[in-house]
Each structure stands twice: as structure tokens, then as C-alpha cells.
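Have a look at the structure first, then read on.

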Amino acid sequence: MRHQSMDEQQLASATEYEGFLKNVPLFEALSDQEVSEVAANLVEEVFDVNSYIIREGEPGESMYVLKSGKATATKEGYDFEIDYQPGDFFGELALLTANPRGASIKTSADSEAVVLKVERKQFMLLVGKAS
């Protein structure tokens, strides 16, 4: 068995993330270099079955891209649900407006979810390049 160094693991993850991000609509307009920059700064998080990824009303310091699994958005006082599949993203509005989270996002009852987290600083760099 071969163990990778932390740098090798990070490079392998960043390369995997680059390929994934190129298929996410939010990142389609970015150059290969910009996608590489985003990929290098992603944090992968795993959420158990039926767990909150985002809670309505909390401050938003990051956005997420669903890498695997399923998630659903709900809003208190409203009778609706929005289902998320791999490649979908959420949480960006709180970063753009600095308002608290406008809805809750929860993993499905039958599978865990893996998300790629984009921190506010990285997101704002992207927005700055797009304008």
C-alpha cells in the first residue's frame, strides 16, 4: 500500500475537482486557470443522512456544490421543496447579500451527501473576476 503525502493528496483532489467543476454551470465561464484556483481552495465535507448542511437564519460564510448524494431546500412558513442533485450549488445568495441564510438545506433520508465548500473570500474573488 502506498501512502500519498499531503501535497500529493491535495493535488489529486484538486485535479478531480477541476474536472467536476467544469460541468457545474456556475463555473462554466471560468478559464482553466480560474477553475484550477477554485479547485485548489475547495474543502470537501461529508454530511450524514438527514443532516442539515445549511440552517435558515444562520450567517452565510460559504457556498456549496453538491458532489454526491441528494439534498432538499425548505423555508419556514412556505410549502415548497427544492431538490438538489450532484452538480447543483447553493448558499451563494448569503455571500452576495451578507444576509442570513434564507432557507435550510438538508441531506436526504436515504443517503449521505458530499459537498465541496467554497469560502466567502474565494467566492468574492470569482465574482470580482466575472464583473
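Which residues form a nonpolar patch on the surface? They are Tyr 78, Phe 80 and Ile 82, with about 300 Å² of accessible area together. Patch members have over 30% relative accessible area and no salt bridge, and nonpolar side chains are joined within 5 Å. Tyr 78 is found in the loop between β4 (71-74) and β5 (82-84), and with a relative accessible area of 55% it is exposed (over 50%; buried means under 20%, partly exposed in between, 1.4 Å probe).

A word on the source: this is a predicted model, where local features need pLDDT of at least 70 and side-chain atom pairs count only at pLDDT 80 or more, while totals for chains, interfaces and linings use all residues. Residues are numbered from 1 along each chain, and side-chain values use heavy atoms, with hydrogens and water left out.

Now for the inside. Leaving aside neighbours within four places in sequence, Val 38 is in contact (heavy atoms within 4.5 Å) with Leu 21, Phe 27, Leu 30, Gln 122 and Leu 126.

Finally, the rings: Tyr 64, Tyr 84 and Phe 90 form one aromatic cluster. Rings pair if their centres lie within 6.5 Å; planes under 30 degrees apart count as stacked, over 60 as edge-to-face and the rest as tilted.

| Pair | Centres | Planes | Type |
|---|---|---|---|
| Tyr 64 and Phe 90 | 5.9 Å | 25 degrees | stacked |
| Tyr 84 and Phe 90 | 5.0 Å | 50 degrees | tilted |

Phe 90 is buried, at 2% relative accessible area.

Key. Patch = residues over 30% accessible without salt bridge, like charges linked within 9 Å, V, L, I, M, F, W, Y side chains within 5 Å. Areas by Shrake-Rupley, 256 points an atom, 1.4 Å probe, with all protein chains shown as cover. Salt bridge = Lys/Arg side-chain N within 4 Å of Asp/Glu carboxyl O. Helix = DSSP H or I, 4+ residues; strand = E, 2+ residues; numbered from the N terminus. Phe/Tyr/Trp six-rings, centres within 6.5 Å; stacked < 30°, edge-to-face > 60°.
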